[in-house]
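User: I would like to go through this structure term by term and ask what each label rests on. Please keep the answers plain.

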Amino acid sequence: MPSFLREFFKRNGTGMGSLMLGLVLFWTVGLIILPQLSMLDFSFRPNLPPPEIGGPRDVYTLENYKYLIYGPEGGSQDYNAVDLRVFFRTLVAAVCVTVFNLILCYPIAYYLAQTKGNHIRIFALMLIIPYWINEILRAFALRIIFGETGVLNNMLVGLGIFDTPFDFIRNDIALYAGLGYAYILLMIFPIYNVIESLDRNQIEAARDMGASWAKIHQRVVIPYAKPGISSGCTMVFMLSAGALAAPQILGGPSSLWFTQLIYQQFNDNSDWPQGAAYAVVLLVTCILLVLAVMRLFKVNMGDIGK
Amino acid sequence: MSAGVGVDLENLWIRFGDFVAVRDANVTINGGDFFSFLGPSGCGKTTILRAVSGFLEPSGGRVLIGGNDMKGIGPNKRPTALIFQNLALFPLMKVWENITFSMEIKGASARERRKRADELLDMIALPGQGGKLPSELSGGQRQRVAIARALCAEPDVLLLDEPLSALDLKLRQHMRTELREIQQRVGITFIYITHDQGEALTMSDNIAVMRAGVIDQIGDGKAIYNDPATAFAASFVGENNVFRGKVKRVMGNEALIQTNRSGDLVARISSANQGRMKEGDAAMMFIRPEAFALAPKGATGTHFVTAKVNHEEFEGNAFNIFMEGDGGKELKVSIPNLGQSFEDHTGQNITLEYETKNAVIVPAGELAAE
């Protein structure tokens, strides 16, 4: 038994230790790793009717992956332009949502972390309480706000800023706002956590030496907050790229999210292997992208857990 | 070398809501001086420093640096550099980047900065350590890096907020000497905040003793120690024995005090209070432990004190005698160890004598907490 395990059992007792370890293993292996492996397995198999499963035609194949790139065999196009465009647009949009969220949340997190007093608790509560309402309802609420006859359009037209209502939904503004709003806390709290432990004297020292506010953030606060920023960005990016409810409800008729394609494969086409392949491609691409960005900004995996 | 830039506080008031942190402070700090604010925690000394550095706007009065009113001028625009109590080195920057941060802001090239960092590292006796992170240095080394970082900005006034308090005793004593040397080498004004009277006395040209937002006395170390202006200054700076009583007769610069426990004693009225004390005033007389000498048994008069010995201790350089004193406090006497024989007096009454010039009278007032 490795020493950290022995230490763990000594501290928690054999019974409690086994229970905790068992639950954690059940969670990671039973609920995450095994289903994902099963998806991976699905993605390499042809879509067969139940009687043929396990039969001679049930062999490993790359067909499902080829489909994403080349489209249906004998199709009119060389590439599966529709699905690929959706795939890349989803990634770019998720990156945009992440960057937008970071720009919005960093000042909020900094303010929350560096200001003392009771009003900060109220401020934090005001951020948290809307999250008691479930995601779908929040998305619908935004749809009501951004709709053609919605609150925002009524106001803008009423004030005479626009002559005719602006279509926020078709222009994807509602979608970006919805995705941004959905994950705002996941960006604020990791950054808040890190900045809260930053010694105020360091900010004052930098100021005392003549640094402007921009310079203080560039040289002192942001380098210090980097683990929190990367952890927040990773979560927001992964969840935005994998979001389903917000694109479904807030997306315009012509703008599909890649997750909606996956959903269609599973649900409408009953093509689980195809859906699994799409899901695996999305997951692997997102992970590689996150790792590449972490490498670019010199963030260690260990820092994310801080 | 220039005479340095002075700092003046004129009728300075600082309030936080109803709380008065600094009450009508008037201080003139000469250019090139090592000036200390000495007082217990919460006396407002750090508040004064923050007002000088610009992190805090005074509620009333003025801060002048080099004769210029600093009102409305932010900390990044003042010719001051502050060394924080916890040093506040940037943990993610290397030592040389820390030291030359002020140059980076002015847009100096990396080469210039490295060169300057090397000069300063030589000055603080840490050559070749520029590439390390602050966390890789010892406490004393970090201390010196903080000084170098502050000096790199070439301030006219260096402000130090109890920078030695985190160090252990040996290092602290060593850094006192080093700080004083650095100050004399660079010749700029140092304003030093401390609650440690040893630090203040050993390093400072002048000291302001503070109590509860009020400056009790300003003077050089000898004046503060030998000629305290208030009961607080007398009891806060160094060890002192208090005798409470009232003025029986004023005789020029001396007075006869009728003490509560030790009969009538004569002492010198402290300079700040001469001409201000009159018959019947409540007064306190202070005599330092080292100002007493053993007197022949039974001697009486206005410079003899007799009391019972509670216990004695041998400190190496001195024999300490603790006797029943005034107001529940023990009377402490230190007799220097010059190799003489020394008998144990525990439980006996002994008589001590002092010279009038070594006993000082101030108006009765608040004593420093032990």
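This is a predicted model: local features need pLDDT of at least 70, side-chain atom pairs count only at pLDDT 80 or more; totals for chains, interfaces and linings use all residues.

User: How many helices and strands are in chain B, and what makes a run count as one?

Analyst: Chain B has 9 helices and 20 strands. Helices (H or I, at least four residues) and strands (E, at least two) are DSSP runs, numbered from the N terminus. The C-alpha trace of chain B spans about 80 × 50 × 40 Å along its principal axes.

User: What makes a residue of strand S7 of chain B buried?

Analyst: A residue is buried if 20 or more other C-beta atoms lie within 10 Å of its own, exposed if 12 or fewer, and partly exposed in between, with C-beta atoms placed from the backbone. Over the 370 residues of chain B, 41% count as buried.

User: How do you know that S7(B) pairs with strand S6 and strand S8 of chain B?

Analyst: Two strands pair if DSSP finds at least two bridges between them. Strand S6 (residues 80-83) is joined to S7(B) by 4 bridges and runs parallel to S7(B); Leu82(B) has Leu159(B) as its bridge partner. Strand S8 (residues 189-194) is joined to S7(B) by 5 bridges, again parallel, with Leu160(B) opposite Tyr192(B). Both counts meet the cut-off, so both are pairs.

User: Why are S15 and S18 of chain B called edge strands?

Analyst: Five strands form an open antiparallel sheet in the order S15-S19-S16-S17-S18 of chain B. Strand S15 (293-294) and strand S18 (331-336) are its edge strands, as each pairs on one side only. S15(B) is joined to strand S19 (residues 349-353) by 2 bridges, and Leu294(B) has Leu352(B) as its partner there.

User: Why is helix H10 of chain A called oblique to helix H11 of chain A?

Analyst: Their axes come within 10 Å and cross at roughly 140°. Axes are lines fitted to C-alpha atoms, for helices over the stretch in contact, and angles run from 0 to 180 degrees between N-to-C directions. Angles under 35 degrees count as roughly parallel, over 145 as roughly antiparallel, 65 to 115 as roughly perpendicular and the rest as oblique. The angle falls in the rest, so H10(A) is oblique to H11(A).

User: Which residues of H10(A) and H11(A) are in contact, and what makes it a contact?

Analyst: Two residues are in contact if their C-beta atoms, placed from the backbone, lie within 7 Å. Gln202(A), Ile203(A), Ala206(A) and Arg207(A) of H10(A) meet Ile216(A), Arg219(A) and Val220(A) of H11(A).

User: How many residues of each chain take part in the contact of chain A with chain B?

Analyst: Chain A gives 15 residues and chain B 15. On the side of chain A, helix H10 (200-208) and helix H11 (213-241) each supply at least two residues, and H10(A) gives the largest share, 7 residues.

Technical notes
Residues are numbered from 1 along each chain as its sequence is written. Chains are lettered from A and ligands numbered from 1 in the order in which they are written.
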